[in-house]
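Below are some notes for reading this model. Please keep the structure open while going through the points.

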Amino acid sequence: MEAFQLAIAERVAEQHRHHGKSQFFVVWGALLLMTAIEVYLTYQNMQPVRMLTILMGLSLIKAALIIGYFMHMKYEVSQMKWLTMCSLVACLALMMIFFPDAWRIITLGVK
Amino acid sequence: MADATLTHDLPAAYEPSLFGTYSKKIGMWLFLLSDSLTFGALLYAYSYGRISTPNWPTPFHSESIVNATVMTAFLLTSSLTMVLAVRASVQGDGKAQRLWLLATMACGLGFVILHGREWSKLISEGLTLPVFPHMPGSETTGEFVNVAKTVPQFPATFFGLTGMHMLHVTLGVVYLGVVALRRKFIPILLVLWLAAWLGTPAYSPFHYGAHILLLAAIVCSIVLWLKPKVYDSSDVEVAGLYWHFVDLVWMFIFPLVYLMSAKIL
């Protein structure tokens with residue numbers, strides 16, 4: 001193995017040594033707890049928009065935990081974190097341009 | 001024109017790796033980013049349909065919600081076993097790595113079976129797509145016969161979104177099987193294909209969908225024949241990235257599709 005690749009492998013191994021098993025179990029427990037909260041909220045007869053906001057908020061927290069800890073993004077270099085996440089969020093945000101059209105259909109009754 | 005000759009005497013002469021990590025990992029991240037947009041588009045299509053359609057159905061009884069919650073628990077647990085497999089591989093513990101990978105596959109398989117059961121139940125109650133084979137009796141007595149006729153956007157987006165996710169989970173199980181067992185996994189995959197094909201009735205979409213496993217077995221055989229290798233910790237980590245991604249996507253499908261469409265009596 002070349003020295004350069006060896007250095008990279010060593011760095012990856014070092015990242016894994018930094019977090020113990022217990023951290024993964026804590027994240028797993030938090031994810032299960034948030035899932036249980038979501039199911040509980042489903043049967044609380046909340047307004048749909050309010051419920052959607054809470055559920056999506058919890059989903060974003062769960063996504064952040066999975067990406068950060070399970071996918072090890074927390075331990076990657078900052079350029080990688082910012083470039084990948086910002087580009088993804090920007091692309092997904094651009095897709096929201098279609099939503100006003102959906103509201104137009106339902107409010108104007110366009111068939 | 002004179003030929004130019006480049007010499008690289010030292011590893012340092014090469015261009016440094018992007019983001020200081022290995023290229024397989026960068027490649028997987030780029031694939032996952034593009035796949036995120038695929039799922040993003042499907043989730044937006046579902047949301048668009050829901051916003052623009054009055055009388056959007058809420059067909060999921062508590063039985064379905066419990067089933068989907070157990071499926072979520074399976075996926076979350078599989079993510080835990082996956083990180084433990086990556087950790088074991090980095091520490092050079094080959095036996096533990098294989099066991100954790102097999103545990104991850106078992107959870108993934110449990111998810112697919114529960115999801116398949118849910119699909120079959122909905123189809124038997126009349127929630128179907130024109131491309132699905134006709135199920136005897138489902139068009140007259142099923143609870144959701146009118147839903148499929150009056151709001152066709154619901155079955156189209158529901159089966160499109162969850163079907164794409166189920167396909168990803170199935171291929172993820174195959175991917176982990178190849179990493180864990182290499183060539184030994186091919187006969188297991190063929191047995192799974194036969195079990196799925198012969199064990200489902202001819203009117204079930206899974207009867208034909210099972211052939212995905214046969215296709216996967218052929219592709220895996222070619223890959224393993226062309227490039228036989230012992231997968232190292234970087235391969236396990238890259239496979240883990242893919243697996244966590246399918247878990248991540250479900251964290252949005254579960255509340256948006258199931259919980260927001262729960263039937264509350």
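1. Chain A and chain B meet in a contact that takes 41 residues from chain A and 39 residues from chain B. Two residues are in contact if their C-beta atoms, placed from the backbone, lie within 7 Å. On the side of chain A that touches chain B, the elements giving two or more residues are α1 (3–18), α2 (21–42), α3 (48–70), α4 (78–94) and α5 (99–108) of chain A. Helices here are DSSP runs of H or I with at least four residues, numbered from the N terminus. That side of chain A has 29 nonpolar, eight polar and four charged residues. Ala, Val, Leu, Ile, Met, Phe, Trp, Tyr, Cys and Pro count as nonpolar, Asp, Glu, Lys and Arg as charged, and the others, Gly among them, as polar.

2. The model is predicted; local features need pLDDT of at least 70, side-chain atom pairs count only at pLDDT 80 or more, and totals for chains, interfaces and linings use all residues. Residues are numbered from 1 along each chain as its sequence is written, while chains are lettered from A and ligands numbered from 1 in the order in which they are written.

3. Chain A has a mean pLDDT (the predictor's confidence in each residue, from 0 to 100) of 85, and 80% of its residues reach 70 or more. Within chain A, α2(A) has the highest confidence, at a mean of 95, and α1(A) the lowest, at 61.

4. In chain B, helix α1 (residues 23–52) packs with helix α10 (residues 233–258) at an angle of about 15°, their axes 10 Å apart. The helices α1(B) and α10(B) are therefore roughly parallel to each other (angles under 35 degrees count as such).

Technical notes
Axes fitted to C-alpha atoms, helices over the stretch in contact; angles between N-to-C directions. Parallel < 35°, antiparallel > 145°, perpendicular 65-115°, else oblique.
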